Amino acid sequence: MKHPSESVLGMLALQRDLVKNRESVEAHVAGCSLCRSAFEAIVAFDTALAEPDSWLDKETGNAGLEELRRFAARSAAEDQTATELLAEFEAPESAARFVWADLPARSAYRTGGVARRLCRIAYGMCEHQPLYALALAQAASRIATNLPDTSYPRRGIHELRGESWKEQANALRFLGRFPEALAALDQAEAEYRRLPHEGIGLVNVQYVRASLLMEQDRLEEAEALATASAGAALVLGDTERFMRGRHLLGHILFERHDYAAAAQVWDGILQYGRARGDQLWIAREELAIGNCHLELDQAAEAGRSLHEALRIFTELNIPSEITRTEWALARLEFREGHGVQAMHRLREAVSQLSACGMLTDSALAALDLAEMLDASGRMREIPRLLNGVVSTFTEAGKLSGALAALAYLKSAAATGTLTPAMLTHVRRFLVAADRQPELLFGPPL
Amino acid sequence: MEGLPSEVLAGDGSMSVTPRGQEISDESAAARFDAVYGTYRPLLRKIAIRKFGIPVQAVDDLVHDVFATYLANPSNVRDLHPYLIGAICNASRQYRRRDDASPISSEGLDWSGPPEEELVEGVVRNLVISTTLSRLGVKCRETLQRFYLYGESALSIATSRDTSANYIFRLLNYCRNRARSIYREMRGPE
C-alpha cells in the first residue's frame, strides 16, 4: 500500500470511522515509521489545539491588562518627575535643607515616584550618612502610607510601603538603634506579606534582619535567616542577592569561630566571582578567606589569599579595603616572626584607617599593634600609640564609650598595668560600641 | 575583618527609570510594558498551569499580580527573566496554600512537573499556533475553537449550522491541516 495522504491521516486522528479502508490504513501506519511519525505529529497538534494558550491573544480574557499598562505609564512618568524634584537633595550636605523642606506635606511630592526615589537616595546614603538616610526613608514612608490603597493596582502599594520601612530599618541598623530597626523590619515584613506573593522585598528584610541579629550576637537566628534570605533570592533568580546572603552567612560562621566552614562558604562565592570575572567579589572573598586561614594558623594559604586580595584592591583603587588587607598581612607577618616589618606595616594601616575616617577600625588595629609591642617587649611605646588614637577620637568629636575605653587603656599603659586581658576586653567593647554607640564602657571585672 | 556588603547593593534594570533629561512619554512606557508582557505572559501562564496546576480561569490574575508587584518597584529587580519566573512560582504556591485542601510543599526549590526546556518549547509551540490560528478564516477558526478548545461535539456544531456531523469532521480536518501547513511554514518541518 502506498503512504496515506495527510488528509487521510488527519481524519484517522479526528474520526477514524470516516476513513475509507480504515483497517488497511491503520495496519500501514502501524508498520511504517514514516507514517506513524506523521500521524503522531497530527495527534500532538490536536492536543496543542485543545490548550487554552494556543488560543491566547493579548486581549483575550484580559481585563486587568489595561490597568497595568496605565500603571506602567504613570509610574514611569512619576519616576522621571521625582528624579527632577529630588535632584537638589541627593548630596549628603542637603540633609538639613531636606528636613526643613518637609516634602511629604507638599502635594507635588506625594507620589509613588517620589517615595521610590527617596528610598533609592536613602539606600545609597545609609552607610555614610545614616541619619540623613533615616530622614529620607521616613519621608518616603509618610508619603507611601498616605497614598490610598487603591492608588496601586493589585495591592502593589504594599511593595512601596514595605520598601520605605525596610530603608528605615537599614538606616537604624547603621545608627546602632537595633530595637527600632527590628521594629521597622516587622513593619516592612507585614507590608510585604500583604502582597499577593513573596518577592524581593522579603529577601531584603531577611537579609537586614540577619545582619542585625549577627550584630547582637544572636548567631543561630542570624544563620537561619541568612540561609533563608539566600535561598529566597535564588528562587527569584537574583544571584547577586544569593551571594550576598551567603557572604553574610560566612561572617556569621566566622563570628562563631567556625573558620573552616566560613572559608568554605566564601570559597563558593570566590568561584562565582571568578566565573563572572567580578574583581570586587574575588578580592572581597580572598580577604575573608585569608582571615580564616590566619585564624586557622595556615600561614601559606593566608599569604596567598591576602596578597591576591591586596593586588586586586590596589588595581580597583579601594583605599579602605587595601588598608584592611594590609592590616591582615601585618598580623600574618607577626605570626611568621617578622615583628619589625609587621609593626611597621600595621602602624601605616592605623594611620591610613584614621585618614579614611574609619575610627573604630583604626582603634582596633592600634590594639593589635599594642599587643605586638607588648609581645616584643616594647611596652614603652604603647602609651604614645594609644594617645594618638584617643586624640583622633577626640578631634573627630567621638565622645563616646569607645573614647572612654581607649582612655582607660591609655592610662593603664602609662602606669605599666596594661594586661592582655584588658586589651581583649577593650577590643570587644569597641566592636560592640561601633554597632551600638550608646553603650557605656565599664572596666573588666 | 572586612565589612559586610551592606543592603546597599542595589541593582538597576528598572524598566521605568530613564536618564535624567530624557523625555519619556506615557506611550513609550506603555509600549515597553506591552513588549515585556507579551513576551512573558505565555510562559508565566504555562508555568502556573503546568507546574502548579493553577486553574486556567485563575491564572491571568496571578500573572497580573506578578507584573503589578514588579511595576510598583522595578529597580529592585536586577534580572527580569528569572525574577518573573520565581515570582510566578511564589504566587502559584501562595495560591495553592490559600485555596487547596492539600497544599503542595512550597519551601524547597525543587518542583515537580515538566522540565524547563519542555515548558519553554510548549510556550513557543502555543505562541506559534496562536499566530497560526489568527491567520485562518473566521469559519475555520471558530469551528476549531468550538471543537478543540470548548470540547463541543461535531454533532452539536453541525446542528447549530444546520448541517451534518460528517461535514463538520471534514471541515475540521481541512482547517486543522491548513493550520498545520501555516505552522510548518512558520516553524519548519516538525
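## Domains of chain B

Chain B splits into two domains. Domain 1 covers 26–99, and domain 2 covers 129–187. Their centres, taken over C-alpha atoms, are 31 Å apart. The model is predicted.

## Fold and dimensions of chain A

Chain A holds 21 helices and 0 strands. Its C-alpha atoms occupy a box of roughly 115 × 60 × 40 Å along the principal axes.

The radius of gyration of chain A is 31 Å. For a compact globule of 445 residues, the value would be near 22 Å.

How much of chain A counts as buried? The share is 49% of its 445 residues.

Sequence separation gives another view of chain A. Take the contacts with a separation of 6 or more. Residues 24 or more positions apart supply 55% of them.

## Where chains A and B meet

The contact between the chains involves 77 residues of chain A and 68 residues of chain B. Which element gives the largest share of the chain A side? Helix α4 of chain A, residues 65–86, does, with 11 residues.

What is the make-up of this side by class? The chain A side that touches chain B has 34 nonpolar residues. A further 22 are polar, and 21 are charged.

Terms used: Residues numbered from 1 in each chain as written. Chains lettered and ligands numbered in written order. Predicted model: local features only at pLDDT ≥ 70, side-chain atom pairs only at ≥ 80, totals over all residues. Contact = placed C-beta atoms within 7 Å. Helix = DSSP H or I, 4+ residues; strand = E, 2+ residues; numbered from the N terminus. Nonpolar A, V, L, I, M, F, W, Y, C, P; charged D, E, K, R; others polar. Domains from an automatic or database assignment. Rg over C-alpha atoms; globule rule 2.2 N^0.38 Å. Buried ≥ 20, exposed ≤ 12 C-beta atoms within 10 Å, placed from the backbone.
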